[in-house]
Amino acid sequence: MNLYEWETLADFNNWHDNLCTLLNYPLYPVNQLTGETDFNSQPTTTYTSYWEIENKIIAFVEQKYADGLTLTNLQPPKPER
Amino acid sequence: MSPILGIIASAISGNLAPSSPVAGYKAWYDASDTGTITVSGSNVTQWNDKSGNALNLVQATSSKQPLSGTRTQNGKNMIDYDGTDDVLTSNAASSAWKFLTDATGSTFFMAIYADTDATGWQITDVSNGSVANQPSYTIYKNPNDTGFFGKGTNNPSGYSWFISNTTQTFTDNAAQYWTVVSDPTNGTAANRLKIYKNTTLDSSTNAQTGTSSTSNPALPLSLGGLQNYSGDSLDGAICEIIIYDSILSATDVTNNQAYLANKWGI
């Protein structure tokens with residue numbers, strides 16, 4: 001995965017909503033042992049999450065979904081230790 | 001072989017490792033029990049707690065989901081984290097995890113496989129790191145592979161109690177188990193944290209005499225990474241994690257270590 005940037009949150013949300021539709025979210029998982037769909041378990045509802053850094057929106061995206069996106073050198077925040 | 005014959009054979013061979021953890025656990029995550037894991041493809045969406053307390057771990061965001069069914073240790077399934085942003089978070093309220101950060105004692109066991117990693121990673125998180133002076137329970141691998149263990153109120157000068165650099169180090173490309181015994185009210189400040197790598201008690205001791213936090217953590221427990229940050233996800237895999245809201249005796253610590261060592265071939 002690489003980090004990409006968007007100019008506005010609206011731009012990101014538009015791209016992300018389209019991708020989630022393409023991926024048929026929400027995806028209900030299966031129990032790994034039985035292979036049966038578990039509708040009571042956590043579904044996958046979103047593809048990625050974002051950070052707002054220096055007035056830009058950044059997010060991790062797999063290369064296979066990154067056509068047309070702009071790579072960024074901005075980094076997500078890290079906690080102080 | 002029948003169970004009875006198995007027990008006799010184990011006794012004769014001297015292999016008396018317990019077949020289950022010491023009772024009384026608050027949360028228990030066992031990657032070898034794939035019936036407790038739900039996946040989309042290989043992506044883990046939920047990892048259920050085996051303690052009976054329903055402190056299940058979830059992840060709804062695809063890019064943050066670790067993998068299951070892709071790696072084994074001693075023939076058993078592990079949960080594989082990407083070292084970037086993977087994290088699983090408890091679906092319980094943060095108050096369910098207050099015992100990790102307040103004056104309650106706790107005992108934390110983790111069997112993991114550490115990949116080669118020149119940076120750091122964090123395996124527990126209950127805090128929103130953008131806010132100072134909040135309850136924290138941090139188990140972190142420093143970039144130099146020593147361990148950092150901090151508990152209590154996180155503030156700019158440190159934690160209520162912490163060990164900043166263990167003498168022993170996380171071993172790259174190897175399975176290992178670590179134990180963190182937290183005893184905040186111990187009369188000897190140095191003994192308020194005890195860290196074991198496998199069965200060896202680390203010689204580093206608690207370095208701080210702060211006061212315990214009393215409020216709920218900002219966030220419920222996450223395992224394998226940070227909830228609001230990135231880049232510090234575990235670079236490796238989790239075999240099993242067992243958490244107690246009590247201070248286990250030395251005998252019980254030894255029994256759980258033997259259980260993990262035997263089960264995961266460490």
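# A quick tour of chains A and B

Chain A has one helix and five strands. Keep in mind that this is a predicted model.

**How chain A is laid out**

- Start at the N terminus of chain A and walk along: the elements come in the order β-α-β-β-β-β.
- What is the radius of gyration of chain A? The value is 15 Å, while a compact globule of 81 residues would come out near 12 Å.
- If you boxed up the C-alpha atoms of chain A along the principal axes, you'd need a box of roughly 45 × 35 × 20 Å.

**The sheet in chain A**

- Four strands of chain A make an open sheet, and their order across it is β3-β4-β1-β5, with antiparallel pairing.
- Which strands sit at the edges? Those are β3 (50-53) and β5 (70-71) of chain A, each of which pairs on one side only.
- Take a look at β1 (residues 2-6) and β4 (residues 56-61) of chain A: these two run antiparallel and are joined over five bridges.

**Where chain A meets chain B**

- On the chain A side, 26 residues are in contact with chain B, and on the chain B side 31 residues take part.
- Sorted by class, the side of chain A touching chain B has 14 nonpolar, nine polar and three charged residues.
- How many residue pairs are in polar contact between chain A and chain B? There are 18, counting pairs with both residues at pLDDT 80 or more.
- The salt bridge count between chain A and chain B, on the other hand, is zero.
- Strands pair up across the two chains as well: β2 (residues 30-31) of chain A and β2 (residues 37-40) of chain B are antiparallel, with two bridges.
- In that pairing, A:Asn31 has B:Thr38 of β2(B) as its bridge partner.

**Salt bridges**

- Side chains of opposite charge can pair when their charged atoms come close.
- Over all chains, the structure holds 10 salt bridges.
- One of them joins the side chains of B:Lys50 and B:Asp30, at 3.0 Å from N to O.
- B:Lys50 is in the loop between β3 (43-47) and β4 (57-58) of chain B, and B:Asp30 is in strand β1 (residues 27-30) of chain B, so this pair ties together parts 20 residues apart in sequence.

Methods: Residues numbered from 1 in each chain as written. Chains lettered and ligands numbered in written order. Predicted model: local features only at pLDDT ≥ 70, side-chain atom pairs only at ≥ 80, totals over all residues. Heavy atoms only, no water. Contact = heavy atoms within 4.5 Å. Salt bridge = Lys/Arg side-chain N within 4 Å of Asp/Glu carboxyl O. Polar contact = N/O pair within 3.5 Å; in protein donor to acceptor, adjacent residues only side chain to side chain. Nonpolar A, V, L, I, M, F, W, Y, C, P; charged D, E, K, R; others polar. Pairing = 2+ DSSP bridges. Rg over C-alpha atoms; globule rule 2.2 N^0.38 Å.
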